[in-house]
Amino acid sequence: MVQARARIGVALLPWELVICSQDVQFPLLATRPREVVPVTVALPNTRMHACFECQGWLHEKVWRHPENGSIKSESTVVLGRSQSPADLVRTQYPPDSNPRKGSSMKHVDRRKFLSVSAIIGSSLVAASAVADDPQNGLTTEPVYRTSKNENTRPGPAHPLDPALQIAYACLKNVRENIIDYSAIMIKRERVGGVLGEHEFMGIKVRNRKIDNGQLKTPFSVYMAFLRPATVKGREVIYVENQNDGNIVAHEGGMKGRFLPTVNLPPTGMMAMRGQRYPITDMGIENLVTKLIEKGERDRARDECDVQFSKGAKVGGRSCTMLTVTHPVERPYFDFHVAEIFIDDEMQVPVRYAAYVWPTTLGGEKILLEEYTYQNIKLNVGFADIEFDRRNPKYNF
């Protein structure tokens, strides 16, 4: 994937294949990567790029296949006027000229072209913040990635702004006031297209704490699976920077009688079997951080509706529900509808559910993932032994 030195609008999406007008004989096969500048255009399902070498614009239409969900695209080069790929090659690069010999940039000042590209881009698009790859870092790093410039964002108001303000306030509350907690966590995830059962687990979490730039308290998790019967009795421990970065785990039930306790990389195949996220992404602080990351990324887009509902209940506790809806399916949106429940007293999210778009016209939204925290006890004061396999109360 080509990395642009200058970025206008949003970053290249992870599945994107960049070509320019010199490679349009085969629009989905780039024979030679080019340096391009991505720009956002105010058209549905559309992206454009400016090529440094040929000064062409690549107009790309992208959409999601209605049956298998795969990303499809078709590309057309625009160089002053719309032309077919074959016509463009014939008219711009006749047989007696060879654009692949040397660099055509000797005729074009790179900085001047970049400036012109920026001007053209600004006339076509509403400038937006660079959107990070949603897969990059989001599911592998702990919770200390959120920018400190929390509430200083330029630009006009966006429907997500009130929700982001609440999320930043929650994150501040967690980091300043919550050292550790216990809870019953209920999760349900769609993995490999299959929606799993509800899983119940008792958890103990100790939040990561930094003092004078030094790690004072490592992020620590203990999980005891309660049900269904297929996982009951499973125990997992993870402590940041310990055990060579591995989790320690054992199965429950009949399997636990024969299978040994194992050390596994948290993002490895065995640990991730049947899971959407690794244990390093567990907990309320991680949940808030990811919500902020998603919100800031989606804030660079339109097509967003946000609703607030008072008086919702989770486990008998009063909550405020935030509903974020992307009405039109786009490849850069992670969900169709997200529901976030903020506990009114504790000021932390206690439930998150995300749904994708229906597969049929007028159909129901499809559950992607849901996580609920009940019976939360804050600032219990856990000692190190609570995250140690040698704890006599555990069955490692």
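What you're looking at is a predicted model, so let's start with the overall picture. The protein has 396 residues, and 49% of them count as buried. Its secondary structure comes to six helices and 19 strands. If you take the contacts between residues at least 6 apart in sequence, 54% of them join residues at least 24 apart.

Now for the inside. The largest nonpolar core has 55 residues, and the members that touch the most others are Ile203, Met223 and Tyr352. Helix α3, residues 161–177, gives the most to this core, with seven residues. Let's pick out Ile203 and see who its partners are. Once you leave aside its neighbours within four places in sequence, Ile203 is in contact with Tyr181, Ser182, Ala183, Met185, Tyr222, Met223, Met282 and Tyr373.

Which residues meet where the two helices touch? On the α3 side they are Leu164, Ala167, Tyr168, Cys170, Leu171, Val174 and Arg175, and on the α6 side Ile284, Glu285, Val288, Thr289, Ile292, Gly295 and Glu296. Sort them by class and you get nine nonpolar, two polar and three charged residues.

Not counting residues up to four places away in sequence, Cys170 touches Val288, Ile342, Gln347, Val348 and Pro349. Cys170 and Ile284 are 114 residues apart in sequence, yet their C-alpha atoms are 9.7 Å apart in space.

Is Asn207 buried or exposed? Its relative accessible area is 1%, so Asn207 is buried. Beyond its neighbours within four places in sequence, Asn207 is in contact with Val174, Ile178, Ile179, Tyr181, Thr217, Pro218 and Glu285.

Next, head over to strand β19, where you'll find Thr372. Thr372 is buried, with a relative accessible area of 8%. Thr372 and Ile186 are 186 residues apart in sequence, but 5.1 Å apart in space from C-alpha to C-alpha. Ile186 is one of the contacts of Thr372, along with Ile184, Met185, Val314, Val350 and Arg351, leaving aside neighbours within four places in sequence. In the segment after β19 sits Glu386, a buried residue with a relative accessible area of 13%. Leaving aside its neighbours within four places, Glu386 is in contact with Lys204, Tyr222, Asn391, Lys393 and Tyr394.

Most residues other than glycine have a negative phi, and most peptide bonds are trans. Where does this model have a cis peptide bond? One joins Arg227 and Pro228, with omega at about 10°. Pro228 lies in the loop between β11 (220–227) and β12 (235–239).

As for phi, Asp244 has a positive value of about 60° although it is not a glycine. Asp244 is found in the loop between β12 and β13 (247–250), and with 78% relative accessibility it counts as exposed. Asn375 also has a positive phi, near 55°, and is likewise a residue other than glycine. Asn375 lies in strand β19, residues 366–378. At 54% relative accessibility, Asn375 counts as exposed.

How values were computed:
Residues are numbered from 1 along each chain as its sequence is written. This is a predicted model: local features need pLDDT of at least 70, side-chain atom pairs count only at pLDDT 80 or more; totals for chains, interfaces and linings use all residues. Side-chain values use heavy atoms; hydrogens and water are left out. A nonpolar core is a set of buried Ala, Val, Leu, Ile, Met, Phe, Trp, Tyr and Cys residues joined through side-chain atoms within 4.5 Å. Buried means under 20% relative accessible area, exposed over 50%, partly exposed in between (1.4 Å probe, protein chains only). Helices (H or I, at least four residues) and strands (E, at least two) are DSSP runs, numbered from the N terminus. Contact means heavy atoms within 4.5 Å. Ala, Val, Leu, Ile, Met, Phe, Trp, Tyr, Cys and Pro count as nonpolar, Asp, Glu, Lys and Arg as charged, and the others, Gly among them, as polar.
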